[in-house]
Amino acid sequence: MAVKTPIFITGVTGYIGGAILHRLLTHPNADTFEITVLVRNPEKARILESQFGVKTIVASHAEHDKIEQIVEANHVIFHIADSDDEPLITAILRGLKNRHDKLGDLPILIHTSGTGLLTDNARGEYPTETIYSDLNVEQLKAIPPTAFHRNVDLLVINADAEDGYARTYIVLPSTVYGIAKHPLVDAGISNAHSMQIPKLITTSLVRKRAGVVGKGLALWPSVHIDDIADMYIVLFDAITQRPATTGHGWEGLYFGESGEHRWLDISLAIGQAMHALGLTDDPAPTPFAREELVPLFGSEWFGWYHGTNSRARADRARALGWKAKHSTEDMLASVRPEVEAWAKKQ
Ligand SMILES: NC(=O)c1ccc[n+]([C@@H]2O[C@H](COP(=O)([O-])OP(=O)(O)OC[C@H]3O[C@@H](n4cnc5c(N)ncnc54)[C@H](OP(=O)(O)O)[C@@H]3O)[C@@H](O)[C@H]2O)c1
């Protein structure tokens, strides 16, 4: 029997990770993969083993020695659970280095960051002119080390570009949207909902009025959950089939976007949906007051985050052949079903 490719994935009970595991299980070469996933819920582990045929490790991200060992045993790592856990990525990188040192293998890490990397402090007051292309390596290198996600991203890049013990790739999704629909969601394993748009919806539902940070004029990109999951697979296929021509290290940052919006446009769509559903008297969004930010978002920083600019173009993935099927219009159309779903959960 041919040796299978050992693949280890974090975050499969999550929104993005679940969509990627589903694609790997239905990949044309799925019978050549030996997939191991890390989950912290033993019941989900049991279902993943019995219904989906993947190996599971029940552990939390704090179990660094265990994670280092699992990583060492795998050739491909999809790290989709956490963009910002520095001790966790350090354990993952130790596992990759051990594998390289012991076997001479050049293991592959596909890490998940986000276009939050590019954010400013606009607080919704203005759109920025600066647009980042992931093909412009000098522009990417100039991002300050203090930027969001940057501490972890630099460790991942340098494992390849400076130390050379692994091939590393970073996917940077923007606002991922759409309610995920696949068998792992149906089985109660994976989260069906994203972060940013649901956060604006749940905060708006609490105040019974759509909210917006400042004037909502700052710009962000978005990408549908199915498109971003496809992008990971296009990248994975390119890495495994055309490694020499697939950018890695500093040439291995892949933005995920298929259109751009003003924050105000999301808030307007939330207001219209809430009004149509009888959840507000007035569809027009109002600015979040500063005093609302901590109770609604958990911190002022996270509140203001929803009024930042982050402008990026997914030129590198498109050059690999990735084609998004959804656009900004689909993102805005996704708001109403999302409002309906969150209103039911209230
Ligand atoms: N969604 C977006 O729009 C977006 C955009 C850009 C970047 N990102 C980044 O992508 C990553 C994944 O996002 P997501 O939307 O898929 O998030 P999610 O649905 O919240 O999934 C997070 C995953 O991480 C797991 N996890 C969290 N803490 C853990 C711990 N201590 N031990 C073990 N497992 C743990 C969760 O497991 P449990 O099920 O057990 O909680 C879940 O599988 C995040 O870092 C996020 O910042 C997301």
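Reply: Gladly! One term to begin with: a pocket is an open set of grid points with protein on both sides within 12 Å along at least five of seven lines, and its lining residues have an atom within 4 Å of a point. Please keep in mind that this is a predicted model.

Me: Which residues lie nearest the centre of the largest pocket?
Reply: The largest pocket holds about 970 Å³ of space. Helix 1 (15–25), strand 2 (33–39), strand 8 (175–177) and helix 12 (300–305) each give two or more residues to its lining. The lining has 40 residues, and those nearest the centre are I80, A81, D82, S83 and M195.

Me: How many residues of the lining of the largest pocket are charged?
Reply: Let us go through the classes in turn. The lining of the largest pocket has 16 nonpolar residues and 20 polar ones. The charged residues in this lining number four.

Me: What is the volume of the second largest pocket?
Reply: Its lining includes G116, L117, W301 and Y305. By class, that lining divides into six nonpolar, four polar and two charged residues. The volume of the second largest pocket is about 160 Å³.

Me: Which residue has a backbone N or O atom 2.8 Å from an oxygen atom of the ligand?
Reply: There are 20 residues around the ligand, and T13, Y15, I16, R40 and N191 come nearest. A polar backbone atom of A81 is 3.5 Å from a ligand oxygen atom, and for a polar backbone atom of S83 the distance to a ligand oxygen is 2.9 Å. The residue with the 2.8 Å distance is Y15.

Me: Is H224 buried or exposed?
Reply: H224 belongs to strand 10 (residues 219–224). Beyond its neighbours within four places in sequence, H224 contacts V176, Y177, G178 and H326. Buried means under 20% relative accessible area. Because H224 has a relative accessibility of 11%, this residue counts as buried.

Me: What separates the C-alpha atoms of I239 and Y169?
Reply: I239 sits in helix 9 (residues 225–241) and is buried, with a relative accessible area of 4%. Leaving aside neighbours within four places in sequence, I239 is in contact with I108, I110, Y169 and T246. I239 and Y169 are 70 residues apart along the chain, and their C-alpha atoms are separated by 9.3 Å.

Technical notes
Residues numbered from 1 in each chain as written. Predicted model: local features only at pLDDT ≥ 70, side-chain atom pairs only at ≥ 80, totals over all residues. Heavy atoms only, no water. Helix = DSSP H or I, 4+ residues; strand = E, 2+ residues; numbered from the N terminus. Buried < 20%, exposed > 50% of the residue type's maximum accessible area, 1.4 Å probe, protein only. Contact = heavy atoms within 4.5 Å. 1 Å grid on protein atoms, 1.4 Å probe; cavity = no way out; pocket = protein on both sides within 12 Å on 5 of 7 lines; lining within 4 Å. Points joined across faces, edges and corners; volume = space filled by probe spheres on them. Nonpolar A, V, L, I, M, F, W, Y, C, P; charged D, E, K, R; others polar. Near = heavy atom within 4 Å. Polar contact = N/O pair within 3.5 Å; in protein donor to acceptor, adjacent residues only side chain to side chain.
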